[in-house]
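Please read the following points with the model open beside them. They are arranged so that each may be checked in turn.

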Amino acid sequence: MAQRPSRPTTRKTLLGVAAAVALAALNAPAVAGFAQHAYHRYEISQPEYKAKYGHWTLASLPEKYQLNSIHAILLHTGKVLLIAGSGNSVKLFEGGAFKSTLWDPATDTFKKIDTPADLFCGGHAQLPDGKILVAGGTARYEVLKGDVKRAGGAMLVKNEDPDRARTFPKGTLFRSPSGVEYRSQFSVRVPAAKKTPTGRISPVKVTASEARVFVEAVEEGPLGITNTTEQYAIVGLKGKDADNLYGIANKLGLDKKDFQGIKDAYEFDPVTEKYTKVGSMSEARWYPTLTTLSDGRVLAVSGLDDIGQIVPGKNEIYDPRTQTWSPAPTRYFPTYPSFFLTGKRKIFYSGSNAGYGPADKGRTPGLWDLRTNTFTPVPGLRDPDVLETSSSVLLPPAQDKKVMVLGGGGVGESRAATSRTAIADLDAEHPAFTTGPRLPENTRYLNSVLLPDDKVFTTGGSQDYRGKGASDILKAQIYDPAKNTFTPAADPTVGRDYHTEALLLPDGRVAVFGSDPLFADKADSRPGHFEQRVEVFAPPYLHQGDRRPDLALDGRTDVDHGSEVVLHTTDPTSISRVRLIRPGSATHVTDFDQRSVALDITRRTGGTLTVRVPDDASLVPPGWYMAVAVDTRGVPSRAVWIHVFG
């Protein structure tokens, strides 16, 4: 008996192969290349190929809505908020042209959103009511050493007046004892001095208050350089004001000036589709991480501050009920640390991060208990020095409490990268990493997205820093936690490295945005350009025939922890699992929110499924979720939205 081919071979396929061979036989490289490309396009469009590897398409993003996507957030309306702010463009920053675009994947329509500040490289998180908290962003772009024309640095503004706070606008002048003048780059408010009763002859002790502001010399050149601590008069003040209010600076120089953060915070409302300003943070932050806690409050950590230095462990918590911030336990982390809520007041830091900070500080993975402010390292991770720009995910289902780290690069502009993956079992008596299967190539900037069938889709990245040497990786793969293996997926057509994001959409597809390579060629001789195309991947489970599970709610969207939910579906006996998937909130290959929670199926009737939401707010933080039913073939339904309130 003749052996059957491993994949169905149709007459069209054979004709396509014959055509490609015939063209290649012409021995003309251009013609042969065209033939190979044409055959590849033909092959990846075949149903059997899609059923095994999935399929990519480009979204049609009209030019007037295009932007340098830095942040991508799925809203409970099913739309995607893309935030650029200034989009890593000094020209747009200086012109105050800050951008956000709203994309509806269901209708492929777009809308411009008024953006009130430069939210470029801020942090964001899903709030319990479905609004999005966006905090931090850009106050100033970096200036490389050699391009710095004016000496500058931090000025402490002192106030010895116990009866009056003072606010100094941007542009306030400070004059040194030698007459050199410096101009403040931002406004600054200095509280009144503090009075402390002494019980002695002098009834109170007055302690000067202080606030920090970044200043630059009025004149260009080395005249403004100083390496000594001096007191600076505030130009325009007279009498007692001149005595009570003054500046102190230790060093003002022509060194490289890093990005500087802002204190501003906003809530974006998916219903009104508008930003609203809320209480400002106590610290300016650029590249911060925001993490929703089990009580619905949001923890903000790290980031570059208002003078371009990493916030030295001064963390804070946002309360959406009062729209105000309060202090959180002090602990230092590099910028954009990857956090996972693993208990009522417990955070797991995987070690993944996205950039700034010394190589020997704050990079050890571990469990952080916010109640006691203790940090327990989690050992066993191979290649711990190549965690920067690595990807981390809470593997599905979230009940298993396993976090996977994938790939990564060396600190800063290092060319080092790794194909290492590792899995930390946080439910073990002594949590530790074990080595997972390797990625096909050494990869940094890898995007990882949880799928409804309990697998993880990974795509893109580059081998070198920001895609240098044309090192973008046009590969994708799917990780199966049950088998601990990767299988290939269809190749994307667009390279993705720095400033890229990926999200699971309600219909089960995955959308990928952004990319900001330094160069456009292998020789690193031509400047790169920001990638504004949006590419969408339809996983293999969407190519298993026309039949797909249907799912609908009984009309009630609000549910409590521990309660049951009735879902309508035509064939409940075919459903193997139901998942609650928290909508993603991604930036810099870090997703602050995504998690997939298993729901127990408690009853099946002729046309309904009854499922129970876990009674654990640290497993299911309050907020909106996509409920998805998956059948025995692994094919998911379209999502329905459920609001879990705390």
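1. Strand β49 and strand β50 (residues 640-645) run antiparallel and are joined by 5 bridges. Strands here are DSSP runs of E with at least two residues, numbered from the N terminus, and two strands pair if DSSP finds at least two bridges between them. Within this pairing, G623 has V644 in β50 as its bridge partner.

2. This is a predicted model, in which local features need pLDDT of at least 70, side-chain atom pairs count only at pLDDT 80 or more, and totals for chains, interfaces and linings use all residues. Residues are numbered from 1 along each chain as its sequence is written, and side-chain values use heavy atoms, with hydrogens and water left out.

3. Strand β49 (residues 623-631) also pairs with another strand. Strand β44 (residues 575-582) and β49 are antiparallel over 6 bridges, and R579 stands opposite V628 in β49. Is β49 mostly covered or mostly exposed? It is mostly covered, with 9 of its 9 residues buried (under 20% relative accessible area, with a 1.4 Å probe and protein chains only).

4. A further sheet deserves attention. It is open, has 6 strands in the order β5-β4-β3-β2-β45-β46, and shows antiparallel pairing. Because β5 (109-114) and β46 (590-591) stand at the edges with a single partner strand each, one side of each is left without a neighbour in the sheet. Inside this order, strand β3 (residues 80-85) and strand β4 (residues 99-104) pair over 5 bridges, and K99 in β4 is the bridge partner of G85.

5. How many cavities of 30 Å³ or more does a search of the whole structure find? There are 8. A cavity is a set of points, on a 1 Å grid over the protein atoms alone, where a 1.4 Å probe fits but cannot get out. The largest holds about 120 Å³ of space, and its lining (residues with an atom within 4 Å of a point) includes T291, F340, R582 and P621. β26 (339-343) and β22 (289-292) each supply at least two lining residues, and β26 gives the most, with 3.

6. The mean pLDDT, the predictor's confidence in each residue from 0 to 100, is 93 for the protein, and 94% of its residues reach 70 or more. Over residues 1-26, however, pLDDT stays under 50. Where pLDDT is low, the predicted coordinates should not be read in detail.

Conventions: Buried means under 20% relative accessible area, exposed over 50%, partly exposed in between (1.4 Å probe, protein chains only). Helices (H or I, at least four residues) and strands (E, at least two) are DSSP runs, numbered from the N terminus. Contact means heavy atoms within 4.5 Å. On a 1 Å grid over the protein atoms alone, a cavity is a set of points where a 1.4 Å probe fits but cannot get out, and a pocket is an open set with protein on both sides within 12 Å along at least five of seven lines; lining residues have an atom within 4 Å of a point. Grid points are joined across faces, edges and corners, and a volume is the space filled by probe spheres set on the points.
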